[in-house]
Amino acid sequence: MIESRRPSPFMRLPRAALAAALLFAAAGAAQALPSFSEVREGHRSSETELLSREGEVLQRQRTDASVRRGDWVALADISPALRTALVLSEDKRFYEHSGVDWAAVSSAAWGNLWNQRTRGASTITMQLAGLLDGDWRQGPGGRSVVQKLGQTVSAQVLDRRWRKDQILEAYLNLVPFRGEIVGIDALSRTLFGKAAHGLDAREAAIAAALVRAPNASPDRVGRRACGVLQSLAPEDAAARDCTAMELLTASVLLRRQWAASEGQAPHLARRLLAEPQSKGQARVRSTLSAPVQRFAVQSLQQQLRELQGRNVEDGAIVVLDNATGEVLAWVGSSGELSQAAEVDGVTAMRQPGSTLKPFLYAQAIAERRLTAASLIEDSSAHIPTQNGLYIPQNYDRRFKGWVSARTALASSLNVPAVRTLVMVTPDAFFSQLQRLGLPLRESGGYHGFSLALGSAEVPLLQLTNAYRALANGGQLTPVRWAAQPTGAGSAAKKSAAPVQAIDARAAFIVGDILSDPMARAPTFGTDSVLATRFWSAVKTGTSKDMRDNWAVGWSQRYTVGVWVGNARGEAMHSVSGTSGAAPVWAAVMGFLHARTPSRAPKAPEGVLQQAVRFGPDASGLPLESARSEWFVAGTQQSLFAMAGSGLPAASASTRGTSAASPVRIARPANGTILALDPDIPPDRQRVQLSARPSGTAATQEWQDASLRWRMVSAAPPGAAEPPPKEIGRGAAAAWMPWPGRHRLELVDAKGQVLDSVQVEVRGAGVVASRAGGR
């Protein structure tokens, strides 16, 4: 029975009109077909490559979810077995015909006439024409007559314009294989886990079988692959074992060996490639340095392997160029060592611990509340807050007594830091941290005095950049990780204007403290891993319950930040500041300066150096060794001692009185700086005033009720000096101090000044407590 079919529109056309239509189709096809170079240059992989500043590929990241396409592969780099298998399977007379195999066309037409199943007449060139021009692409119901005619004409035009090797190369790079896989590079890497040049005969047979039926069942693909393999090696007995071939095909089609992301910098790749300027680009150049990135990854993984058994599996590293703010290394996790490798530790919010202390002391120094030599008591403290008593402790649960600010910061003593925050106030310190670019979620009042010990959460990237501001004299500029365009045809982006986030003089002094190995010796010892062979400044930190461990510091050219811990928030076991992040920091810094020197910065204007000495402790020994110390101009002094230490009074040349005065102020010493203790009620913090005869009678007891003690407080700028206020009588008196700079005067009954000394009282937090009725 002959099936009745509706005649095609072309069948109803006169022969002349049909010929004209064919000529029109041929002309259109000739004009529409691109050149081989245009096709190759227009090829886009579904992956984008992240390049280092040197041009090396650091990361490959999938950016097109609609298709899986690899790089363009040259024909010479494709397995010879695959090239042969494809020709034998799809187009045996490929190298003989001119784009259309008319013998195959005749055979197919004859078979259709007698309802016989024959191989299709579509050649590789015709299939490529369909891939290049969507008009000839086969739809769900097959190709129409017009499409078949157009495809035939296009194939002949393509064969005249392109060489055979170019046609085969383009076809292998554009043909869909299975599912979302397009092109031989994606197929080889996804199903076989190797490059296209490494496919053997059996793998080539499977690939060729997929061309004919990309989405067929594994059994059908396996049977066809067996037939292709037999045509490749007809005398090979193993090729006739179709059962083995079908099993291999079934296992291959289940594989997905080509990961969506692969390389050394997955976290930065995701961030950079998601930016608008990176969309549609095959390669994006970053600021990362390939050698630094690789070494940072290796150092972090090596340290975490050494910490196995201490419940530490995650870490992160950032390396910044001090001058430009460029990110030289961005390691977001420990990779395969982590159960949360996708979490980016560089941008995750974590508690920074003591790494906030340098900014606190810098603020106190800038506000002239402290100097590097100022004495702060490291002792048990009970600070009343709205939520009860706050009792800070040191890491080793031991107290050092009276220490200088230099020792307190370098040795990371907690109680002196809290006392310093009492002077600065949490709200003022919170504002300082915001100026440094730290994205704090809560207010200073929310954290209270625990803010001095890093109770707020910050990201490693912003924390490291804040340290970079210390390295740059307090100037803050944003970091960048996308390489700026270069060349005559591109305009480089202008760097953001620096912001003076912290006083340059205070930043220099803090840097000098953090680079002092002797100042950190009371806590870290003299052989600490933090001590480098070149100039560097560094601070460690550990958060509450040992959940986070940090080491952040800088050299002349680089700033490096390291975090180790657990992305899940679990506590580490017995990991200290020098056993967790610090070894990684030291290793990366050593790598950066293997051939690059690092010299100490020059002191900025307004900073001077002066010899200082310290008063005795309870045993009669100096609180600290005499040394040369840095000061903000106007805050320098030569002696730091507690009142009543028994030191001789200052020389007459430092006083505003005559050397012939019969009596001198014995205590407090001239230039004394007093820090009010927030743990002691103000009325219990009275300063003992005493006078003694001058000259040879200096050792005799002085008793004269005619002596008067007066105090003159410093006036605000532009205001007149307030009148003196009497605060006591006799050779000995007690004075309840309050914050400010004062001049204590000893006068006789007639009001003549016999002696005077300058005293400064610090501790604004106590004033607030008094106002609150404490």
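I began at a turn: β19 is connected to β20 by a hairpin of three residues. Helices (H or I, at least four residues) and strands (E, at least two) are DSSP runs, numbered from the N terminus. I note that this is a predicted model, in which local features need pLDDT of at least 70 and side-chain atom pairs count only at pLDDT 80 or more, while totals for chains, interfaces and linings use all residues. Residues are numbered from 1 along each chain as its sequence is written, and side-chain values use heavy atoms, with hydrogens and water left out.

**Pairing of β20.** I took two strands as paired if DSSP finds at least two bridges between them. Strand β19 (residues 548-554) runs antiparallel to β20, with seven bridges joining them. In this pair I found Ala551 opposite Val562 of β20. Strand β8 (residues 314-321) also pairs with β20 in the antiparallel sense, over eight bridges. Here Asp314 has Gly565 of β20 as its bridge partner.

**Burial of β20.** I used buried for under 20% relative accessible area, exposed for over 50% and partly exposed for in between (1.4 Å probe, protein chains only). Eight of the eight residues of β20 (residues 558-565) are buried, so the strand is largely enclosed by the rest of the structure. In a regular strand the side chains alternate between the two faces of the sheet. I checked both faces of β20 and found them covered: Tyr558, Val560, Val562 and Val564 are buried on one side, and Thr559, Gly561, Trp563 and Gly565 on the other.

**Backbone angles.** Ser574 sits in the loop between β20 and α22 (582-592), and its relative accessibility of 61% makes it exposed. I also noted Thr425, with phi near 85 degrees, in the loop between α16 (414-424) and α17 (426-435). Thr425 is partly exposed, at 30%. The peptide bond joining Arg667 and Pro668 is cis, with omega about 5 degrees.

I counted as a cavity a set of points, on a 1 Å grid over the protein atoms alone, where a 1.4 Å probe fits but cannot get out; lining residues have an atom within 4 Å of a point. I found one cavity of 30 Å³ or more. The largest cavity has a volume of about 40 Å³, taken as the space filled by probe spheres set on the points, which are joined across faces, edges and corners. Its lining includes Ala410, Leu514 and Arg520. Strand β18 (residues 537-542) gives the largest share of that lining, three residues.

Technical notes:
1 Å grid on protein atoms, 1.4 Å probe; cavity = no way out; pocket = protein on both sides within 12 Å on 5 of 7 lines; lining within 4 Å.
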